[in-house]
Amino acid sequence: MACSRYEYVKSYEQDDSILPNVWIVIRIDGKKFHKFSKIHDFEKPNDENALNLMNAAAIAVMEEFRDIVLAYGQSDEYSFVFRKETQAFKRRSAKLLTYVTSLFSTNYVMQWPQWMKDRKLNYAPCFDGRVVLYPSDENLRDYLSWRQADVHVNNLYNTAFWKLVLDKGLSNQQAEERLRGTFSADKNELLFQEFGINYNNMPAMYRKGTILMRKRLELQPGDKTRQVIVPLHDDLISSKFWKTHTELLGKYTPGSYKTTAELPRLLTNQLEQQFENQAIIS
Ligand SMILES: Nc1nc2c(ncn2[C@@H]2O[C@H](COP(=O)(O)OP(=O)(O)OP(=O)(O)O)[C@@H](O)[C@H]2O)c(=O)[nH]1
Ligand SMILES: [Mg+2]
């Protein structure tokens, strides 16, 4: 079509292409989830199904963007790490950010009934998002360590807080006063002495958050491997994590994943979907 006289307005669009050779991290965060979790009756301080719904929505994002090498989620937030060389959306910042954020949000809503069962979704949840660039591997590791340290601090506090309120009958204010000025060791001690809880034995997803990575899964020894997105609840602050998953900072080819434990539902859902797709194709 011939150029119209209006076409010059296109030149007002700004070039927001991201620099080459940097880690691109997109972090989304639930808007006012303090209220959203209350209205939807989330278990306190951790709602396993609500957290898995976040994980399921993040898996859907990773299935769409194969250049996301790792995603990390906790509470109402998820961080997506794109490999440095990605050419997705020609590295255009706004496109990447809006696509990831809206894809996450729509999947959160679509998959709500599967995880939340008879809890009705009362209004549309919203997520904000940001793009952060990290030039070095060390910066990226520090970023992820920062998010994991955050879940440790918050979850330990929230676990102690809700135990005092729900089990001991303290008011919110009394519980807050009780915990004011305490260190991690004090809260660990309080949980152990007053509630017989060894904090380190609490579910790893609550203490460490969820790491998602693409892996090659061998279902039976000798079987063809299948690519899946695996949820892990490991310590990513430690060097051991980065030594185990060398593909993250090295040449990116999904590593292999073997487990003798029962596969989590997040994984069996993906396998079921793959089998279904295969049946349709053949
Ligand atoms: N009960 C419960 N609440 C949760 C859970 N996960 C997240 N939340 C709530 O979500 C909040 C997330 O914190 P923020 O993102 O800092 O707060 P926000 O209310 O979402 O506020 P903005 O992000 O600034 O819009 C927590 O403070 C909790 O109130 C959960 O598993 N159980
Ligand atoms: Mg939030």
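K32 sits in the loop between β1 and α1. Helices (H or I, at least four residues) and strands (E, at least two) are DSSP runs, numbered from the N terminus. K32 is exposed, because 12 other C-beta atoms lie within 10 Å. The cut-offs are 20 or more other C-beta atoms within 10 Å for buried, 12 or fewer for exposed, and partly exposed in between, with C-beta atoms placed from the backbone.

This is a predicted model, in which local features need pLDDT of at least 70 and side-chain atom pairs count only at pLDDT 80 or more, while totals for chains, interfaces and linings use all residues. Residues are numbered from 1 along each chain as its sequence is written, and chains are lettered from A and ligands numbered from 1 in the order in which they are written.

**Annotated site**

The UniProt annotation "binding site", from an unreviewed entry, covers D29, G30, K31, K32, F33, H34, S75 and D76. These positions use the numbering given here, feature names are shortened, and annotations may be inferred rather than shown by experiment. The annotated residues spread over 48 residues of sequence, yet they cluster in space, with a largest C-alpha distance of 12.1 Å.

D76 lies in the loop between β2 (68–74) and β3 (77–82). D76 is buried, because 20 other C-beta atoms lie within 10 Å. Neighbours within four places in sequence aside, D76 is in contact with D29, G30 and F33. Contact means C-beta atoms, placed from the backbone, within 7 Å.

**Ligand 1**

Ligand 1 is surrounded by 17 residues, and the closest are F33, H34, S37, F42 and D47. A residue counts as near if its C-beta atom, placed from the backbone, lies within 6 Å. β1 (23–30), α1 (33–39) and α2 (48–64) each give two or more residues to this shell. α1 gives the most, with three residues. By type, the shell has five nonpolar, five polar and seven charged residues. Ala, Val, Leu, Ile, Met, Phe, Trp, Tyr, Cys and Pro count as nonpolar, Asp, Glu, Lys and Arg as charged, and the others, Gly among them, as polar.

**Domains**

The protein chain is assigned domain 1 (16–147 + 210–282) and domain 2 (148–205). The bounds come from an automatic or database domain assignment. The two C-alpha centres lie 28 Å apart. Domain 1 brings 13 residues to the contact and domain 2 eleven. Helix α5 (residues 137–167) supplies the largest share of the domain 1 side, four residues. That side divides into six nonpolar, five polar and two charged residues.

Note on methods. Contact = placed C-beta atoms within 7 Å.
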